[in-house]
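User: I should like to learn how to read a structural model, one feature at a time. Could we begin with a single residue?

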Amino acid sequence: MKSKWFIGLVVSLVVIAGLLNIYPQSELDEQILKTKQLLHESFVYHSDGKLKEAYAIINRCYSVDSENPYVIYYKAMCEYRFLEFSLDPDKSDLFDEYIDLAEEHADLLLENEELASEANVLLSAITIMKIANNSTLGMTHSGLVYQYAEDAIELDDKNPRPYIFLASMLYNTPEMFGGDALESLNMSQTALHLFENHTYENPLHPDWGKLDVLAWLGQAYNRLGEIEKAKTIYEQALEMEPEFAWVKYALMPQLQQQLESSSN
Amino acid sequence: MKKLILFIMLILVTSFTSAQQMYTFQGCVTTEDGRALPFVNVFVKQSLSGAMTEDDGTYSFTFKGNGEVVLVASMVGYERKEVQIVLEERTVIDMDIVLIEKVVLLKEAVVMGSSFSDEEEKGVVVKPMDVYTTPGGAADIFQTLKTMPGVTQVSEGAELYVRGGHPNETITMVDGAALYHPMTLESSYGGIFSNLNTGSFENMFFSSGGFSSKYGNVLSGVLDIETKNEPQQTKFTFGISMASTDFNGDVEFIKNTLGLRFYSQKSFTEPIMWMNGQKDRFTSMPTSQNFTGILTAKYSKTGRIKLMGMIASDKQGVEVERAEYNGIFDGKSVTNFFNLRHTDILSENILIKNSLAFHRYKNNWKLGVLDLEKTDDTYRIRTDLEWGISNELRLTSGFEAENREEHYLGTIPGEDYNMRPDAEKTVLDDRANVTRMGGYVELEKLRLFGIDNLFGAAGVRTDYVADISSQWYDVRSSVGYSFNKYTSLRFGWGTFHQMPELRLYAPTDGNPDLKPMQAIHYVVSFDHQISDGHSFRVELYHKDYENLPREVDTDINYDNSGYGFATGADVILKGRLGASFDGWISYGYIHTKRLWKDYEEYAKSDYDITHQVSFIMKYHISAMWEIGMNFKLASGRPYTPVVGSDYIESANVYEPLYASENSGRYPDYKRYDVRLSHYNQIFDYFTVLYVEAMNIFDHNNIFGYTYSNDYSKRSDIRSYFGSRTIVVGMMMNL
């Protein structure tokens, strides 16, 4: 008798799964992980092609499951990275195309227990991009960058990413308005410490940012006159990712030039 | 038993898998003109199977499934394309796809032209930051708009004289509700500043003609403001200058759900008048106070309810020299404005906006025999619906009902040349009450008649006023052509009606049966966006006025026999020069004539400011220092000169005899304002310190003449900023 019930149950489950055309979660996760990897590569190589590829994949995931928080997160993350590309002079149109989307998708995650801290990080980063796009917003939006970052820390004190944007703000804000290279350096070091002492078990969870931190840390050292330390940090970054475009083609050559001119 | 289970499962699994076959999708994605499109996301809907197109637009991917599927091609900037495909025996599916470039539905301002807004897609951009930083503008929206072409420099007050129209012919709307008295310190010369705090604006849109049919009962211009939504953080700002102090705050009660924004200001002009040597003119220094609060509740992802309240008051006492009498003008006023605003998205493409508002303005003016109290109450309800039928077609419709009552109580002089306290007077206790209902519908279409880049709009509205048994219709339309993303040409035409000011409906000295005034607008507009942040516009316009109220020597006091016209051209160039300079230069030409009110003949109107140039330049010296300059040059305003006088023995007063209507012109208006701002950090608070010099060359701008007792000699009445005025102030972000 029991076995009949068991057979019935198995048959029902298989039929329901078939009818609902449920995708194995692993396949969706696989695609999310692929997006995550492409996002990383896009950042390292400063490749908008890889970013577009990542966005295409995550949009396919979104068409399958638009409520999956990780799908929403990486969609927002791609849209934020497009905003970064909008700083390239020939890609300024990207800002208008992605700013509302990025904000909308990051907002959706504010109530998600697992990703609320990351959503605040994204909103902090998006606000910085708004200021970068229109510097007059600096006066009114700077507070918001700090507010989102502080909320992110409050929600997850082991999350290193809020410190990246605190470091970036403190580095880029003129001293008279509260900018402080030393404080920026402290923020980067805090982030680095958190990166080295805490990992998230879920492979889908965001773990980007270590390279960003090294770039900001090097710049802070440089501004404080510690050029050798800056160089070591940049070398560390290139050791991790030899093709890290930001350091390899911008920050390091700049530093070399400084070193050369100081030796002359 | 185990064997049985395995057998059943094997059958089931086999049955599912055998029905699913592997297919290869391949093809090429191109634009309409055959250009290969890389980076297009091509995928089977609700599946993870897909690919991105290569540089040559080709794609290829495999998919396992059966039955009917939908192939999707999507890319930012292009219309998403979906193709239904029945999967059959053929396992390789060749599908070439053509994507059409997405055309973003233009907003009504783009279609209608003649507008300034803080949104780039609406044409020439005027951002709140422009309002804050325009030298001499006191961060006032009206003063900044007066530097735009089409708004003539008739006086130094904040009132907007738009393309030959009286200030009453321009409406100010806040969150869908009409604010009929947005000024502080109103007198017969108009108000000086607005009661609206620029910090509260989310969007603003100003049109100087040819505007949408959603705006009714208005002849010349529209300023439409949407206030900010709930704050995203709690913060406060404090500002103080020699003329005013203000304290503003954003308070977040529940994150992304409930918050309050408030703006409070108190102006005290004594220090500035003292410093600039004008204190003696005043018996009571002009002062004003204003509190505005906006409580916003976001009740769903798309829905918001916003309650706005504004309470403002002011008073002033100033010495007035007239031919027959030197006295003191005492003026005071109170403004209350409450608006309940609701917005939501009803379905995917339908936006609803509702507003329920009450507005009371009450003032009292005293000068000699004049002692008049005016109360103006308005109740108003309004609903607007915006339906984006497709990316190319939008329907806007709405309804409004408004009850407005003006009550005049007190005494006015029997003859306008005798204001002495013992002069002949007329006692007034008049009420004019009018209820108006209006509705409109408007269609905006891109790719008009299937022609790319051709767009247009057409709308009709009707208004009905039972009290005067009058119903009228307005038809408005426009058509435009975009040569490319940056350059466009538009033509607009429309009829506009507006009821004359309610005072003219008063039974005692008005006519309760006056019909609405009418204007027909013709506008041709050429816009060119030179590059990011640089815009150029030139507009030609003509307006015909009919049914204007005209004073007649019969029992009905006024009839609708007045008429007139305004013809002109407006040009503006706005943008940046290098990284440090930004600003704009504008030029306006106008020729306008009217026969209305007490005009004796068809003559140049009071607002015929033939030429007007504004030059606003801001130079960012460094991150901490900014200097701004505002230079205005305008033809003098027309006036009717006094050519002699008759002695009236019974009243012991001279009656002035006038030349032809508006046959004289005041001297040209010139004013240079300079503002130096220093951005700093004081006690960890972001702070702006500024010093502003208005009319730095002390040019003698006048807004009228005063005469000797028998009108044989005249002397100038200097304008508000007729003398050099210096203001020092600071603003601190707490």
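Analyst: At a relative accessible area of 41%, Ile381(B) is partly exposed. The term rests on cut-offs: buried is under 20% relative accessible area, exposed is over 50%, and partly exposed is in between (1.4 Å probe, protein chains only). This is a predicted model, in which local features need pLDDT of at least 70 and side-chain atom pairs count only at pLDDT 80 or more, while totals for chains, interfaces and linings use all residues. Residues are numbered from 1 along each chain as written, chains are lettered from A and ligands numbered from 1 in the order written, and side-chain values use heavy atoms, without hydrogens and water.

User: In which strand of chain B is the place of Ile381(B)?

Analyst: Ile381(B) belongs to strand 24 of chain B, residues 370–388. Helices (H or I, at least four residues) and strands (E, at least two) are DSSP runs numbered from the N terminus.

User: Which residues make the nonpolar surface patch?

Analyst: A patch takes residues with over 30% relative accessible area and no salt bridge, joining like charges within 9 Å and nonpolar side chains (Val, Leu, Ile, Met, Phe, Trp, Tyr) within 5 Å. Here the nonpolar patch covers about 1100 Å² and is made by Phe253(B), Ile254(B), Leu295(B), Tyr299(B), Ile305(B), Leu307(B), Leu340(B), Leu356(B), Ile381(B), Phe399(B), Met437(B) and Tyr464(B). At least two of its residues come from strand 18 (244–254) of chain B, and at least two from strand 21 (304–321).

User: How many salt bridges does a search of the whole structure find?

Analyst: A salt bridge is a side-chain nitrogen of Lys or Arg within 4 Å of a carboxyl oxygen of Asp or Glu. The search finds 45 of them over all chains. One joins Arg304(B) to Glu230(B), with the closest N and O atoms 2.7 Å apart. Arg304(B) is in strand 21 of chain B, and Glu230(B) is in the loop between strand 16 (221–227) and strand 17 (235–241), so this pair ties together parts 74 residues apart in sequence. Arg304(B) is buried at 17% relative accessible area, and Glu230(B) is buried at 9%.

User: Which strands do Glu386(B) and Lys353(B) lie in?

Analyst: The side chains of Glu386(B) and Lys353(B) meet in a salt bridge, at 3.6 Å from N to O. Glu386(B) lies in strand 24 of chain B and Lys353(B) in strand 23 (residues 350–367), so the pair ties together parts 33 residues apart in sequence. Both Glu386(B) and Lys353(B) are buried. Another salt bridge, between Arg671(B) and Asp673(B), has its closest N and O atoms 3.0 Å apart. Arg671(B) counts as buried at 4% relative accessibility, as does Asp673(B) at 2%.

User: Which residues are linked in a network of salt bridges?

Analyst: The network links Arg380(B), Arg382(B), Asp384(B), Glu400(B), Glu402(B), Arg436(B), Arg461(B) and Asp463(B).

User: With which side chain does Ser220(B) make a polar contact?

Analyst: A polar contact is a pair of N or O atoms within 3.5 Å; within protein, one must be able to donate a hydrogen and the other to accept it, and residues adjacent in sequence count only if both atoms are side-chain atoms. The side chain of Ser220(B) contacts that of Lys543(B) at 3.2 Å. Ser220(B) sits in the loop between strand 15 (201–207) and strand 16 of chain B, and is buried with a relative accessible area of 0%.

User: How many helices and how many strands are there in chain A?

Analyst: Chain A has 12 helices and zero strands. Of its 264 residues, 52% are buried.

User: What span should helix 4 of chain A have?

Analyst: The expected span is 1.5 Å times one less than the number of residues. For the 17 residues of helix 4 (residues 69–85) of chain A this gives 24 Å, and the end C-alpha atoms are 24 Å apart, which agrees. The helix is mostly covered, with 15 of its 17 residues buried.

Conventions. Accessible areas come from the Shrake-Rupley method with a 1.4 Å probe; for residues, only the protein chains shown count as cover.
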